[in-house]
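Q: Could you walk me through reading a model like this one, feature by feature? I'd like the general idea each time, then the case at hand.

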Amino acid sequence: QFCEVYENLQVRQFLMDTRGLLKKMLRNVNIKEKVPITIATVGDLSYAWELINTFIDGMQLRIKNQPAVVIQLRSAFLKLATMLELPLTRIAQANSPDLPSVSQYYSEALVKFVRKVLDIVPISMFEVLRQIIDITIDRLKECPSRFSKASVQEYAQLESRYELAQATYQVSKFTEGILAMEKTLVGVIQVDPHKMLEEGIRKELVKQISVVLDEHLNFRSGRKDSESFSSRVEKLGQRLDGMRRSFEYIQDYMCVYGLKIWQEELSRIINFNVEQESNQFLKKKVFDWDSQYQSDHIPIPTFGPSEDGSVNFMGRLVREIQNQTDPKRTTYINQLAAWYDDAGREIVGLRTFSLIRDSMGVFGLMGIDRLLGFMVASDLQRFLECVSRQVLGPSSPPASSSSPTLATELDKLAVELG
């Protein structure tokens with residue numbers, strides 16, 4: 001019987017593993033009581049609340065150079081949890097009802113530190129993504145459905161595809177390190193590495209899209225060049241389309257739903273900027289920190305106002321459309337659904353709005369429609385107030401409170417003029 005067991009490799013391997021586990025169990029049973037106390041004393045990190053922030057740069061640099069090091073961070077984060085023992089010891093001994101709230105506060109502080117350390121992963125991934133965007137937009141040619149044998153070498157573009165494969169491999173290495181970490185309990189909060197990676201990717205994606213929109217939708221004040229306006233919108237569409245296609249290309253290597261994240265964050269950016277631009281026309285303003293589209297973990301960056309009074313890129317875009325369709329220099333032709341100048345050139349038409357839709361999606365067109373609605377309402381209100389002062393006199397109440405009287409007076413004025 002023992003000979004048969006000895007000759008069976010699978011059974012031998014199972015017995016060897018069992019023997020190793022039994023040895024470990026015996027060692028753990030024979031551990032003296034003072035050993036765990038010594039380990040807890042040596043591993044106590046409660047003194048380092050102010051020191052841990054000095055290690056962020058070094059930890060991020062090592063992660064950037066060696067993505068596999070991310071796996072080792074789990075032990076560091078577990079050690080950070082010992083920092084909670086000192087502030088919570090007396091509270092626990094006194095059986096205070098404040099124990100859960102204090103634990104939550106310190107745990108959130110530790111999770112914030114973990115987020116800062118791991119922020120380098122999506123930042124490094126998007127640095128590689130920029131290389132992928134440059135390769136896919138500027139260097140790689142689209143392969144037609146049919147071509148001759150002589151053109152195989154031309155469309156193969158082996159060198160460019162090799163660089164693309166290298167960049168993709170770098171992205172996958174960063175993702176592999178994060179996903180290899182298990183869920184870790186930091187204080188009373190469970191840290192999910194996959195969820196934290198997705199939040200980091202969303203945060204960096206929002207930052208990149210916001211910068212591109214702010215740079216491209218920045219028009220020179222007073223310039224009325226329709227070609228420059230169309231070319232800017234077209235370049236914006238090409239840039240965002242390249243980012244979207246590259247993001248979709250590497251989504252499988254980042255283990256995220258690329259197109260879903262892109263649509264959600266682009267709509268959030270545009271809706272947030274439309275909301276902030278609309279504050280000029282609202283009595284009850286929605287501030288940045290009160291917005292339903294703003295987030296603490298995935299913040300939308302804000303930029304300074306423009307010379308034309310716009311708060312952000314959405315206001316600049318709408319005002320530039322108004323500038324291009326100025327009735328002093330253009331005429332709207334209903335049959336062609338476009339504005340034309342005196343020379344018969346199309347200034348703004350269906351092609352212009354198609355470019356905006358291709359670059360900013362339906363969310364951009366909805367934002368333009370909403371802002372134009374606010375502007376029309378504001379102009380109508382000013383017009384009614386002006387007419388109210390002229391018809392009813394300077395001491396008349398505002399137009400909003402005298403609209404029935406104003407309508408009666410306007411009817412009388414129309415009869416007199418008729």
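Q: What share of the contacts with a separation of 6 or more comes from residues 24 or more positions apart?
A: Contact here means heavy atoms within 4.5 Å. In this chain, 67% of the contacts with a separation of 6 or more join residues 24 or more positions apart. Keep in mind that this is a predicted model, where local features need pLDDT of at least 70 and side-chain atom pairs count only at pLDDT 80 or more, while totals for chains, interfaces and linings use all residues. Residues are numbered from 1 along each chain as its sequence is written, and side-chain values use heavy atoms, with hydrogens and water left out.

Q: Which helix has the lowest mean pLDDT, and which the highest?
A: pLDDT is the predictor's confidence in each residue, from 0 to 100. The chain averages 82, and 90% of the residues score at least 70. Among its elements, helix α17 (residues 403-417) has the lowest mean, 53, whereas helix α14 (residues 258-277) has the highest, 92.

Q: How many helices and strands are there?
A: Both are DSSP runs numbered from the N terminus: helices are H or I with at least four residues, strands are E with at least two. This chain has 17 helices and 5 strands.

Q: What percentage of the residues count as buried?
A: Buried means under 20% relative accessible area, exposed over 50%, and partly exposed in between (1.4 Å probe, protein chains only). Of the 418 residues, 37% count as buried.

Q: Is Gln251 buried or exposed?
A: Gln251 counts as buried because its relative accessibility is 18%. You'll find Gln251 in helix α13 (residues 251-254). Setting aside neighbours within four places in sequence, Gln251 touches Val256, Tyr257, Gly258 and Leu259.

Q: Where is Ala337 found?
A: Look in the loop between β3 (331-333) and β4 (338-340). Ala337 also has a positive phi, about 50 degrees, without being a glycine. At 27% relative accessibility, Ala337 counts as partly exposed.

Q: Which residues lie nearest the centre of the largest pocket?
A: The search runs on a 1 Å grid over the protein atoms alone: a pocket is an open set of points with protein on both sides within 12 Å along at least five of seven lines, a cavity is a set where a 1.4 Å probe fits but cannot get out, and lining residues have an atom within 4 Å of a point. Here 17 residues line the largest pocket, with Phe55, Met59, Leu73, Ala76 and Phe113 nearest its centre. α4 (56-65) and α5 (73-80) each supply at least two lining residues, and α5 gives the most, 5 residues.

Q: What is the volume of the largest cavity?
A: Grid points are joined across faces, edges and corners, and a volume is the space filled by probe spheres set on the points. The largest cavity comes to about 30 Å³, against about 390 Å³ for the largest pocket. Residues lining the largest cavity include Phe77, Val114, Met181 and Glu182.
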